[in-house]
Amino acid sequence: MSQDNALARYEPGAFFCELFGRGGKPPAHTALVRERLAQLDIPSLRRRSRDAIEELYDLGITFTVYSDRDVIDRILPFDVIPRVISPADWQIIETGVQQRVAALNHFLKDIYNDRKILKDGVVPADLVLGNANYREEMVGLDVPGGVYVHICGTDIVRDDKGEFRVLEDNARTPSGVSYVIENRHLMLRAFADLTEGIDLRPVDGYGSQLAAALSAVAPRRAPGDPGIVLMSPGTFNSAYFEHVFLAREMGVPLVEGQDLVVEKDRVFMKTTGGLVPVHVIYRRIDDAFLDPEVFNPESALGVPGLMRAYRKGNVNIANAVGTGVADDKAIYAYMPRIIRYYLDEDPILQNVQTNICREKEGLAYTLDHLEELVTKPVGESGGYGVVIGPRATKKELRELRSVLMKKPDNYISQPMINLSVTPTLIGNAVEPRHVDLRPFAVTGDSTWVLPGGLTRVAMKRGSLVVNSSQGGGTKDTWVLG
């Protein structure tokens, strides 16, 4: 291998590499991509990377970091070396995600109606009914098609054996799909020579698939062409770019709470031509802010009376109110049992082993192995509050121990997974960086999974935290046909 090519000095070490495999045996499905990358040198790769980043600025593809109010918009770091997934691996991911979404919808319908799984003791009742995201307002509400989770983002990692594991389910308002689509567009424009002749499964169909799925779960009394809107909290939301992007892709209006009104238990959008009926709301607002009559009375983001219209069956909300209980990190630990209970199947995608600190055995094990485990608060997202035991200081471990003793219900722990790596352009070198994958599933009459998903990459050397809020970036995800 010539020392001039971009991959000449790349060394993944002991980690499973998405491009080179493990043990000096590169997988056959990445051969053409490796060959073409080897024809590029670092200067040309850096030049094309800079061009791609400038294009992101020009397109306004941004996210917001709330901890830094002086900077509203930031460009999500983008790495130009793609992650490649074989057809066989994608089959496992796709069917595994579809299975989990089916189980999540069964679970949510059950806990808001008959509660059989709680009566049978498969999941502790207090873990569900006492959950901060459980909504009594949803009890007995008949959601169209029995679909609670219309859009799901499942976070998947690959361990050092190359096996896929689910890290968590995102069943409330999962974000990131806009980057999947824009990353592909960027690669097709900037790296046409790399993609030429490679059979890539397309990602352009997401908007139409989502619109069709939401039409399928419109209220029964809705007309043939139901009114669909995407409801955003506004420009200061971290994912506002995505809200604009998805509304455009779906061909539906982007609205805020002030643009909607409830009259006679029906929802309407205000327009210059008068009130227009709304039958489905794809909401990107948390439960607490949806309806000030029911939840937070000080919320200016929601629509007074929305829950009344929802309960009367005059409007559908995606994702359903109260889905947060299903993507709670404590409930996650029970997902293998939930899948078996409702589907009578073994999980296709296994969980990462999880210790529930609210349980005596789980807390004891966690306290005895703090320095070996990754400990997470169940109510946080974005990587906040996570303590990685092997990399924590003694002071951090002492503080964690104290918190666990006081509030064990708020924590779970897991073994530290040696996440797979991919070649990533860092400065003047290509280095291994850890990645995860968030495939997006859309459910209406059936569940469709976008071929690929959001590959998030930890840009810092040795870091396992891939979240954008913690400095992570993204890659284009290539599922081969």
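Tutor: Helix H6 (residues 177-190) packs with helix H9 (residues 240-250) at an angle of about 70°, their axes being 9 Å apart. Axes here are lines fitted to C-alpha atoms, for helices over the stretch in contact, and angles run from 0 to 180 degrees between N-to-C directions. Helices (H or I, at least four residues) and strands (E, at least two) are DSSP runs numbered from the N terminus.

Student: What does that make H6 relative to H9?
Tutor: Roughly perpendicular; that label covers 65 to 115 degrees, with under 35 roughly parallel, over 145 roughly antiparallel and the rest oblique.

Student: Which residues in H6 and H9 meet?
Tutor: Val177, Ser178, Tyr179, Ile181 and Glu182 of H6 meet Phe241, Glu242, Phe245, Leu246 and Arg248 of H9. Contact means heavy atoms within 4.5 Å. By class, the contact has six nonpolar, one polar and three charged residues. Ala, Val, Leu, Ile, Met, Phe, Trp, Tyr, Cys and Pro count as nonpolar, Asp, Glu, Lys and Arg as charged, and the others, Gly among them, as polar.

Student: Is this experimental or predicted, and how is it numbered?
Tutor: It is a predicted model: local features need pLDDT of at least 70 and side-chain atom pairs count only at pLDDT 80 or more, while totals for chains, interfaces and linings use all residues. Residues are numbered from 1 along each chain as its sequence is written, and side-chain values use heavy atoms, leaving out hydrogens and water.

Student: New topic, sheets. What is the strand order in the one with E14?
Tutor: That open sheet has four strands in the order E14-E17-E15-E16, with antiparallel pairing. Two strands pair if DSSP finds at least two bridges between them. Strand E14 (355-356) and strand E16 (387-388) are at the edges with a single partner strand each, so one side of each has no neighbour in the sheet.

Student: How many bridges join E14 to E17?
Tutor: Two, and E17 covers residues 411-415. Asn355 is opposite Ser413 in E17. Helix H14 (residues 394-406) packs on this sheet, touching strand E15 (373-377), E16 and E17, and its direction makes about 130° with that of E17.

Student: And the sheet with E7, what is its order and pairing?
Tutor: Four strands form an open sheet, E7-E6-E11-E12, and the pairing is parallel. Strand E11 (residues 280-283) pairs with E12 over three bridges, and Tyr282 stands opposite Ala318 in E12.
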